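Hi everyone, thanks for coming. Please have a look at the sequence and the structure on the screen, and then I'll walk you through a few places in it.

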Amino acid sequence: MQKGNIGVSTENIFPIIKKYLYSDHEIFLRELVSNAVDATQKLKTLASVGEFKGELGDVTIHITLDEQNKTITITDRGVGMTAEEIEKFINQIALSGANEFLDKYKKDANAIIGHFGMGFYSSFMVSKKVEILTKSFREGAQAVKWSCDGSPEYTLEEIEKEDRGTSIILYIDDDNQQFVSKTEISRLLKKYCRFLPVPIAFGKETEWKDGKEVETDKFNVINEVNPLWTRKPADLKEDDYKAFYRDLYPMADEPLFNIHLNVDYPFNLTGVLYFPKIKNNIEIQKNKIQLYCNQVYVTDSVEGIVPEFLTLLHGVLDSPDIPLNVSRSYLQSDSNVKKISSHITKKVSDRLEEIFKADRKAFEEKWDDLKLFIQYGMLTEEKFNERAMKFALLKNTDGKYFTFEEYKEIIKPNQTDKSDNLVYLYCTNKDDQFSFIEAAKNKGYDVLIMDGHFDSHYLNHLEQKLEKSRFVRVDSDVAEKLIPKDEKHDLKLTDNQKEDLTTVFSAEIPQMAKSHFSVVFEALGENDSPVMITQQEFMRRMKDMSVLGGGMSFYGELPDSYNLVLNGNHALVNRIATDIEESVGEKLTKIRSRMTSLESRRSELEAAKKDKKEEEIPQAEKEELDDVNKKIGEQKDKKEKLLKEFAHSNKLVSQLIDLALLSNNMLKGEALNKFVKRSIELI
Ligand code: ADP
Ligand code: MG
């Protein structure tokens, strides 16, 4: 028997393995099974080039669990190892710079394992002793047993072994007894080994006999050696893709489309990606893509490997060229990863464009479900945005779909404003904004629906991408003014009338929490509505965005500010102006003339003190100015009181305001009740 020390430059590698690799203990099985697969694949390759002339036979890899002795054994019929090979591949594990590297990556188990080719040594994370029983495929090879109990010391001895290949026996230590369990091993095999290219058997298949579950003599093969993504697209039908999807995500809805990736130059990448139906909660959609390396499962968190928006896709990626055993930040700067990432982006947009071109109808039908994904991509990936501009759709209130190119042509004649900007009108709620949509349509405008999760960001984005274009929500102004053109009506009201109407209408606007109204006048047509409520586009967008987050919570705190727009040319508004004149006109004239003289006196007093220092102004003048100011205030109050009384007594004012609120879906509760009562009285 030979004894020796494992060649590590650090004092002892095992404490490090045990200490730092704790979070990922379970990967030991993946590492050992994939070594067995590698050894089998190597032998197959040697056979195919004629270097191995024996029978390959059944190469199934067997996992056995001995619950009594607390061992797990992984047995393959691959190339096996000679004593020299053990010396070279197992004993000499430490490479130069080990200390430095361990220091850098001590929190990242995968990194250490991958970097050192220490996959095998991960077995010591769960074992107090590991044995290798192996016999090389080479003719006349001597079988050997290597044994190590977790110290740097190992033993190597010659043994009798009939068959070629390797058995690794793990003596599970006390801290890891959870792995001495049939269900746990099954779980790990299902997670990591489900699609490995060599049959993996764990125990025997069972069947029900006489009301009991009994073992058959058939081995229980846990994997699918030719998973869908490794097969030729030409040999596959739509149903195969669907079946594979159900296999991967038994709980998910049927996917919309799939993409079969198959690249072998300048990097290797295969896989199948699916477009899921994306619900509004995009977080739960993420991390559904499974990443494989030569059919060995690695992770389902692909951030850093594919662009953010692609993490919404589902499916499988398999590439030996993604350096899986390094940290995420390293991944992002790796040039292969960058190439792979932009390749996938391109494939995804090509596929979408292809479906769009080949079957526009199907594409439109699925648009509402695809939209969130495509918008996310457009917002976050410049390259994808460029491509998607060709097939991204806009949907209008009639449920029709247009490309940007098509839509532009449709709205150009009628929706170009006086500064030559194209105005895209949109609504966020067809019911709430119904009267505005109708008004816009009556003017021959088209209105888009923008009611999605990302739409408020998206339209900002589009304004930057589309030349000379603006998005305007249909209720942000009266239809007449949504798209400013040169035609203009004159306002029939005088300044005094406007002032009085402002006070009268302000007095009757119902109190609403977190809402602020300003009365403004517009010279609209006689047939347009008398009173309307609009919300300023800019503020509203800021508030919408603050709901989505992104450092705009400041806007979220502000009250909603609305305009109460009075159509100065409408007969009803003019009638109220006349009513004011008739009922309180005389009194108002008196107050106004009183105010005019007070104000001119104030101007005189202010002019007199303008260039003087405080102490140079005579006391009498100061007192008079205070007095004049006070009197002006009194007149103002008087006027306001008068107008408020008028407003209360005039049912038409409240009725017009309520009608405007009603068409914005803003009349609720008590106010709605009052409106109904008043309407009946008025009838
Ligand atoms: P890697 O697989 O990355 O090379 P490992 O630590 O997993 O690193 O394995 C080290 C080496 O030990 C392998 O490259 C291989 O030469 C040898 N080896 C491990 N397991 C087996 C096995 N089951 N059969 C034959 N050789 C093996
Ligand atoms: Mg390995």
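Before we start, one term: two strands count as paired if DSSP finds at least two bridges between them. Please also keep in mind that what you see is a predicted model.

With that term in hand, go to Cys 427, which stands opposite Ile 449 in strand S18. The strands meeting here are S17, residues 422–427, and S18, and they pair in the parallel sense over three bridges. And what packs on the sheet, touching S17 and S19? That is helix H17, residues 537–547, and its direction makes about 80 degrees with that of S19.

Let's step back to the sheet as a whole. Three strands form an open sheet with parallel pairing, in the order S18-S17-S19. Strand S18, at 447–449, and strand S19, at 469–473, are the edge strands, since each of them pairs on one side only. On average, neighbouring strands of this sheet are turned by 40 degrees against each other, if we ignore direction.

S2 runs parallel to strand S8, residues 200–209, and three bridges join them. With strand S3, residues 71–76, S2 pairs in the antiparallel sense over five bridges. Ile 63 takes part on both sides: its bridge partner in S8 is Phe 202, and in S3 it stands opposite Ile 74. S2 and S3 form a hairpin with four residues between the strands, and there Lys 70 takes a positive phi near 55 degrees.

Next, a helix residue. Phe 404 is found in helix H12, residues 404–411. Is Phe 404 buried or exposed? Its relative accessible area is 4%, and the cut-off for buried is under 20%, so Phe 404 is buried. Leaving out residues up to four places away in sequence, Phe 404 touches Met 378, Met 389, Ala 392, Leu 394, Tyr 458, Leu 462 and Leu 466. Take the pair Phe 404 and Leu 466: they are 62 residues apart in sequence, but from C-alpha to C-alpha they are 8.8 Å apart in space.

Leu 659, Leu 662, Leu 672, Val 676 and Ile 680 make a nonpolar surface patch of about 410 Å². Helix H21, at 651–663, and helix H22, at 669–682, each supply at least two residues of the patch. H22 gives the largest share, three residues. Leu 672 has its place in H22, and at 32% relative accessibility this leucine counts as partly exposed.

Finally, the whole chain. How many helices and strands does the protein chain have? The secondary structure comes to 22 helices and 22 strands. Of the 683 residues, 48% count as buried. Among contacts with a separation of 6 or more, 70% are between residues 24 or more positions apart. The accessible surface comes to about 34,800 Å², and 47% of that belongs to carbon and sulfur atoms.

Methods:
Residues numbered from 1 in each chain as written. Chains lettered and ligands numbered in written order. Predicted model: local features only at pLDDT ≥ 70, side-chain atom pairs only at ≥ 80, totals over all residues. Heavy atoms only, no water. Axes fitted to C-alpha atoms, helices over the stretch in contact; angles between N-to-C directions. Contact = heavy atoms within 4.5 Å. Buried < 20%, exposed > 50% of the residue type's maximum accessible area, 1.4 Å probe, protein only. Patch = residues over 30% accessible without salt bridge, like charges linked within 9 Å, V, L, I, M, F, W, Y side chains within 5 Å. Areas by Shrake-Rupley, 256 points an atom, 1.4 Å probe, with all protein chains shown as cover. Salt bridge = Lys/Arg side-chain N within 4 Å of Asp/Glu carboxyl O.
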